[in-house]
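Please look over the sequence and the model shown here before reading on. The report is meant for someone meeting this structure for the first time.

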Amino acid sequence: MSALFANVDWPGILQATFETLAMLAGSLVLTVALGLPLGVLLFLTGRGQMFARPWLNRLLSLVVNILRSVPFIILLILMIPMTLAMMGTSLGVRGAIPPLVVGAAPFFARLVETALREVDRGVIEAVQAMGAKPRQIILGALLPEALPGIVAGVTVTAIALVSYTAMAGVVGAGGLGDLAVRFGYQRFQTDVMVVTVVLLLILVQVLQTVGDRLVAHFSHR
Amino acid sequence: MTSGAAEPPRIELIDLAKTFTTETGEMAAVRGVSLRIAAGEVFGIIGESGAGKSTLVRLINLLERPSAGRVIVDGEDAVALSPEGLRGLRRRIGMIFQHFNLLSAKTVAQNVAFPLELEGRLAKPQIKARVAELLGRVGLADHAAQYPAQLSGGQKQRVGIARALACGPSVLLCDEATSALDPETTDQVLELLAELNRELGLTIVLITHEMDVVRQVCDRVAVLDRGVVVEQGEVVDVFLTAEHPVTRRLLREDAADAALPAPTPGVRTVRLTYRGEAAHAPFLSRIAQETGVDFSLHAGRVARIKGEPFGQLTLSLSGRNVGPALAAFEAAGVRVREVTR
């Protein structure tokens with residue numbers, strides 16, 4: 001075992017795993033916090049919806065599309081000045097979170113918008129016919145009905161964030177991706193590469209399984 | 001119950017119109033509809049698909065805002081209401097739908113409780129008691145903890161009815177409420193609606209494309225064609241004396257007439273319609289004996305519309321005294337209408 005993984009620094013791996021998990025948790029929470037309202041806004045201002053505002057919708061849509069079309073590795077670099085201003089550093093877990101959120105929130109917002117579009121219009125109409133206020137329609141009917149879809153969106157976003165954290169490693173964020181690049185790739189330590197990839201694979205599997213379970217739990221269709 | 005002239009109508013639609021603007025241009029779904037619906041009556045609006053029925057019913061609780069005309073509910077001009085006033089109005093108008101439109105994420109009890117929670121008038125224990133009462137009323141007390149997906153279509157519509165009744169409305173709008181149900185379940189749901197009308201004095205406005213639904217529960221009916229009311233009145237009158245092609249199509253009278261024999265000189269084919277007491281009188285054999293006319297029967301039915309017996313016979317008369325026989329039918333209170341293939 002020790003001969004097989006001669007180059008693997010297990011405490012270092014543990015440290016890197018924690019860094020990846022910290023980046024993932026921090027950026028996922030903020031991504032949902034920003035992306036959920038953005039997705040709801042994208043949906044509600046859309047054509048034929050409760051608060052149809054074609055211009056606002058087009059503007060939001062444009063911003064989302066621009067952010068989504070920037071390759072994440074470029075976004076990481078473009079964001080450095082802003083990250084420095086916000087977090088005081090562009091390195092480590094703290095430095096990774098702003099670009100991760102900016103990269104993932106627009107993506108998640110689109111998934112939320114799609115989930116909301118899947119809600120049966122008739123159901124919303126029925127709630128309107130009951131004399132519900134717009135706030136009651138959104139919080140009491142629209143979001144609960146879309147919850148399985150939104151949870152599935154969180155799962156997809158979390159998995160995307162795992163691969164983003166690996167890329168963030170390249171510009172000094174630390175974590176498993178950083179290990180894989182610095183030791184596995186640049187120093188030809190294949191054993192380190194294998195260990196990091198397996199750990200990332202397990203992480204993705206766990207996220208997907210937990211996500212699927214939650215979707216099943218919330219889905220009563 | 002009929003709409004007395006002195007009694008103010010529960011719902012009054014005046015020159016109501018709705019035009020949708022689509023990519024291909026303007027589409028007039030409702031074009032100047034005026035109707036008076038009395039408190040406590042079951043009013044049917046029937047038409048073929050695309051006639052504007054669904055739009056018309058949505059104009060009553062302003063799910064669609066009219067392009068022109070007025071909607072008056074209990075003397076109140078609905079179009080002029082503030083958003084808060086409109087929400088209050090909607091709580092007084094329950095609505096059920098073809099596809100039930102229940103919240104899939106909520107249980108049966110939570111679905112029925114939802115309008116009460118939105119209203120915010122009752123405390124939690126009172127809501128619970130009211131939900132139990134409503135579910136008992138629609139016969140679903142045992143299904144409170146289930147989700148809509150676990151229910152049959154008929155059960156889902158019962159939940160929809162319980163939910164629509166939660167805030168104690170005076171009007172219930174039914175948008176093709178039985179069109180997704182099998183005939184037996186349809187009968188049960190219609191029976192429930194009739195019961196609610198009798199016991200709670202609920203005014204029901206019912207949209208459908210099925211004549212049988214109207215026949216079973218409605219007091220009055222309006223026939224809608226391309227956004228216009230082409231015929232309206234007591235169900236028995238409209239059904240038995242259908243004049244407009246759309247009404248006749250909905251009654252499938254034209255299809256029945258197509259099966260009649262080819263016209264022959266000296267033979268007259270007529271449809272005899274009679275109702276009430278006449279339905280039980282042996283007028284046919286009496287007049288045949290008296291006039292010596294010969295008749296052959298093509299089609300006939302004897303049934304009830306909202307409890308009133310009626311009969312309708314299609315027959316060909318031949319012989320010397322066809323004219324006097326027809327006059328005798330009319331003298332006996334039978335409506336005579338010549339039919340051709």
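## Basis of the model

This is a predicted model, in which local features need pLDDT of at least 70 and side-chain atom pairs count only at pLDDT 80 or more, while totals for chains, interfaces and linings use all residues. Residues are numbered from 1 along each chain as its sequence is written, and chains are lettered from A and ligands numbered from 1 in the order in which they are written.

## Chain B as a whole

Chain B holds twelve helices and 14 strands, where helices (H or I, at least four residues) and strands (E, at least two) are DSSP runs numbered from the N terminus. Along the principal axes, its C-alpha atoms fill a box of roughly 80 × 50 × 40 Å.

Of the 341 residues in chain B, 40% are buried, a residue being buried if 20 or more other C-beta atoms, placed from the backbone, lie within 10 Å of its own. Two residues are in contact if their C-beta atoms, placed from the backbone, lie within 7 Å; among contacts in chain B between residues at least 6 apart in sequence, 69% join residues at least 24 apart.

## An open sheet

In chain B, four strands form an open antiparallel sheet in the order E2-E1-E4-E5, with strands taken to pair if DSSP finds at least two bridges between them. Strand E2 (25-37) and strand E5 (76-77) of chain B stand at the edges with a single partner strand each, so one side of each is left without a neighbour in the sheet.

Strand E4 (residues 68-73) of chain B pairs with E5(B) over two bridges in the antiparallel sense, and Val73(B) stands opposite Glu76(B) in E5(B). Helix H1 (residues 53-60) of chain B packs on this sheet, where it touches strand E1 (11-22), E2 and E4 of chain B.

## Two domains

An automatic or database domain assignment divides chain B into domain 1 (11-250) and domain 2 (256-338). The C-alpha centres of domain 1 of chain B and domain 2 of chain B lie 38 Å apart, and their contact takes seven residues from domain 1 and eight residues from domain 2. On the domain 1 side, the largest share, four residues, comes from helix H8 (residues 235-240) of chain B.

## Contact with chain A

The contact between the chains takes 17 residues from chain B and 19 residues from chain A. Helix H2 (83-91), strand E6 (93-97) and helix H3 (108-119) of chain B each supply at least two residues of the chain B side, and the largest share, four residues, comes from H2(B).

Technical notes. Buried ≥ 20, exposed ≤ 12 C-beta atoms within 10 Å, placed from the backbone. Axes fitted to C-alpha atoms, helices over the stretch in contact; angles between N-to-C directions.
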